[in-house]
Amino acid sequence: MSKILVIAEHLGGKLNPSTARAVSAASAIKPEAIDVLVLSDAPDAMAAEAAQIEGVSRVLTIARSENAHALAAVLAPQVAKTAAGYSHVFAPSTTFGKDLAPRVAALLGVAQVSDVMSVEGSHTFKRPIYAGNAIITVEAAPAHTVVATIRTASWPAAASGGNHAPVEALSVEASLPTHTRFVELKQGSSDRPDLQSAAKVVSGGRGVGSKENFDIIYKFADKVGAAVGASRAAVDAGFCPNEMQVGQTGKIIAPELYMAIGISGAIQHLTGIKDAGTIVAINKDGEAPIFEVADFGLVGDLFKIIPELEVALG
Amino acid sequence: MKILVGYKRVVDYNVRIQVKPDGSGVVTDGVKLSANPFDDIALEEALRLREKGVADEVIVVGIGPADLTAHLRNGLAMGANRAIHVSTAEAVQPLTAARVFLKLIEKEQPGLVILGKQAIDDDANQTGQMLAALWDRPQATFASKIDIADGKATVTREVDAGLEVIEAELPAVITTDLRLNEPRFIKLPDIMKAKAKPIDTIEFASLGVEAHDHLKTTHFAPPPKRSKGVMVKDAAELVAALKQKGLL
């Protein structure tokens, strides 16, 4: 039987929703146990949150001052030690998990399955390659621990609130390196919904034209209660910060409603949105590839259409 | 200081990938091959560090079949001092690639290893992290800015929450993100000059690396297609349609 260790992602004392998505993927294996591991200097609040996630058997915490920031070099030896006795180690395929999981896999001397989209069996998974232009079925050797990152857009967050999993503090004997140090995190402050988990996302692209013009996107997003994203072209042009980038090399998201405004729809952008429920495209070029994947398309000048949308919304 | 740069050859990013009808792979015959874009960024950054006087030698490394030398010549034409070709007819998975790099590190003793954050063929995003673990050295993944001074790298990383800055003592592994730099174009005279630069070929088998390719790919499929939707004529019709679906 499988026993799965899920590495919790958290920031600022809160569990990231990606954790519950990774638990969802773990549940698909129908394992004997799913334990969530919280590494932090102060794990209690996040552990309490994780204990409520449906399907979680136990929450394990490792409280060490070195774990105040998620440095892969510091966390990986602790995860690798904890992994003994588990058949699988899962982490979300976010920048946190992508940074950490391969370091754990290498310490365990095993391969990693990146970006799991579906579980076909305890050791068989589907994952995208070539920016999502092909989907491969991968079999991992049952004799080894499976380390995998979970493509969060492919999995719903496991329900929360109905579970009361026990929380156990671990003390792991591992010598931790001091060669890597956290300096700072520059984070845009925003009252808007989180891009990765929002039900609605409004994104702007090159067609928005400038950083100043991007205000029209923010204003419209606020009107409909959406998170704000951007295409790589808009980020490269300096219209908005990197954490807003949606696409293959940015965030891969699956909102119920995705509105692409002034975005032509480069393949790497489409990779980031193809799991969205409904895609709306607004672009002045009727031939733009974004219309090939849009459920609703509207050709025209975004600076004229957005105010009209606001009027129609009332 | 020496800098080792991973320089993988992949299907060019402009090629539209086709899955073979029998699900045995993707069509690679006759398609254009190029350097992995993230590796071009890695090489560019190494060259800039050499131009600043931080490094004195830049070595590009490729793992692949005999004809990989033509690809490595491009890295030399871009400005690398020399190339190492680890020769193998088999495709290697990230853990094996990391083990190969570790062997080369033991021999070359670089102060810095720069790799692309991922290759755009298998999109694994693993080799740099695995190498750093095996080498027991720092990793700074998804770099958008690198400063080297006083035996350490100060690296700005593109993370989901924003920009994270970390310090890593050298030697270290850095993996590149898109906005680190814009790679230079190769000029014709540089192609001529590159012909005189050395490429060392090392047989994969001679490295004593355990090929640990645990993952078997059993099937390739095209991605599920989203069907084309409808065009609406104006803002009012769009809002009505979205309201009807309960989305607004």
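One term before the details: a residue counts as buried when its relative accessible area is under 20%. With a relative accessible area of 0%, A:G229 is therefore buried. Keep in mind that what you are looking at is a predicted model.

Let me stay with that glycine. A:G229 sits in strand β15 of chain A, residues 227-230. Leaving out residues up to four places away in sequence, A:G229 touches A:L195, A:V201, A:V202, A:S203, A:G204, A:F214, A:M244 and A:V246. For a sense of distance within the chain, take A:T145, which is 84 residues from A:G229 along the chain; their C-alpha atoms are separated by 36 Å.

A:S18 belongs to helix α1, residues 18-27. Beyond its neighbours within four places in sequence, A:S18 is in contact with A:E9, A:P92, A:T94 and A:T152.

Now the cores. Which residues touch the most other members of the largest nonpolar core? That core has 90 residues, and the ones in question are A:I7, A:L100, B:L43, B:V60 and B:L131. Taking A:I7 as the example, and again skipping neighbours within four places in sequence, the contacts are A:L37, A:L39, A:V79, A:V89, A:F90, A:A91, A:P92, A:F96 and A:L100.

Next, helix packing, with α9 of chain A in both pairs. Helix α5, residues 215-224, and helix α9, residues 302-313, pack at an angle of about 20°, and their axes are 11 Å apart. The two helices are therefore roughly parallel to each other. The crossing of α5(A) past α9(A) is left-handed. On the α5(A) side the residues are A:I216, A:I217, A:K219, A:F220, A:K223 and A:V224, and they meet A:L302, A:F303, A:I306, A:P307, A:L309, A:E310 and A:L313 of α9(A). Sorted by class, this contact has ten nonpolar residues, three charged and no polar.

The second partner is in the other chain. At what angle do α9(A) and helix α6 of chain B pack? The angle is about 50°, with the axes 8 Å apart; α6(B) covers residues 235-244. At that angle α9(A) is oblique to α6(B). Here α9(A) passes α6(B) in a right-handed crossing. The residues from α9(A) are A:I305, A:E308, A:L309, A:A312 and A:L313, which meet B:A235, B:A236, B:L238, B:V239 and B:K243 of α6(B). This contact divides into eight nonpolar, two charged and no polar residues.

On to chain B as a whole. Its secondary structure amounts to six helices and 13 strands. Its C-alpha atoms fill a box of roughly 65 × 45 × 40 Å along the principal axes. Of its 248 residues, 55% count as buried. Among contacts in chain B with a separation of 6 or more, 71% come from residues 24 or more positions apart.

Where is B:F204? It lies in the loop between β11 (199-203) and β12 (216-221) of chain B. B:F204 counts as buried, at 14% relative accessibility. B:F204 and B:V86 are 118 residues apart in sequence, yet 5.6 Å apart in space, C-alpha to C-alpha. Setting aside neighbours within four places in sequence, B:F204 is in contact with B:V86, B:S87, B:T88, B:V92, B:T96, B:V100, B:V209 and B:A211.

Last, some backbone geometry to check in your own viewer. B:L170 and B:P171 are joined by a cis peptide bond, with omega about 0°. B:P171 is in the loop between β9 (162-169) and β10 (172-176) of chain B.

A:Y130 has phi near 45°. The place of A:Y130 is the loop between β9 (124-129) and β10 (134-139) of chain A, and at 12% relative accessibility A:Y130 counts as buried. In chain B, phi of B:F142 is near 60°. B:F142 is in strand β7, residues 139-149, and is also buried, at 2% relative accessibility.

That is the tour; I will take questions now.

Technical notes:
Residues numbered from 1 in each chain as written. Chains lettered and ligands numbered in written order. Predicted model: local features only at pLDDT ≥ 70, side-chain atom pairs only at ≥ 80, totals over all residues. Heavy atoms only, no water. Core = buried A, V, L, I, M, F, W, Y, C linked by side-chain atoms within 4.5 Å. Buried < 20%, exposed > 50% of the residue type's maximum accessible area, 1.4 Å probe, protein only. Contact = heavy atoms within 4.5 Å. Axes fitted to C-alpha atoms, helices over the stretch in contact; angles between N-to-C directions. Helix = DSSP H or I, 4+ residues; strand = E, 2+ residues; numbered from the N terminus. Parallel < 35°, antiparallel > 145°, perpendicular 65-115°, else oblique. Left-handed = near helix turned anticlockwise from the far one by under 90°. Nonpolar A, V, L, I, M, F, W, Y, C, P; charged D, E, K, R; others polar.
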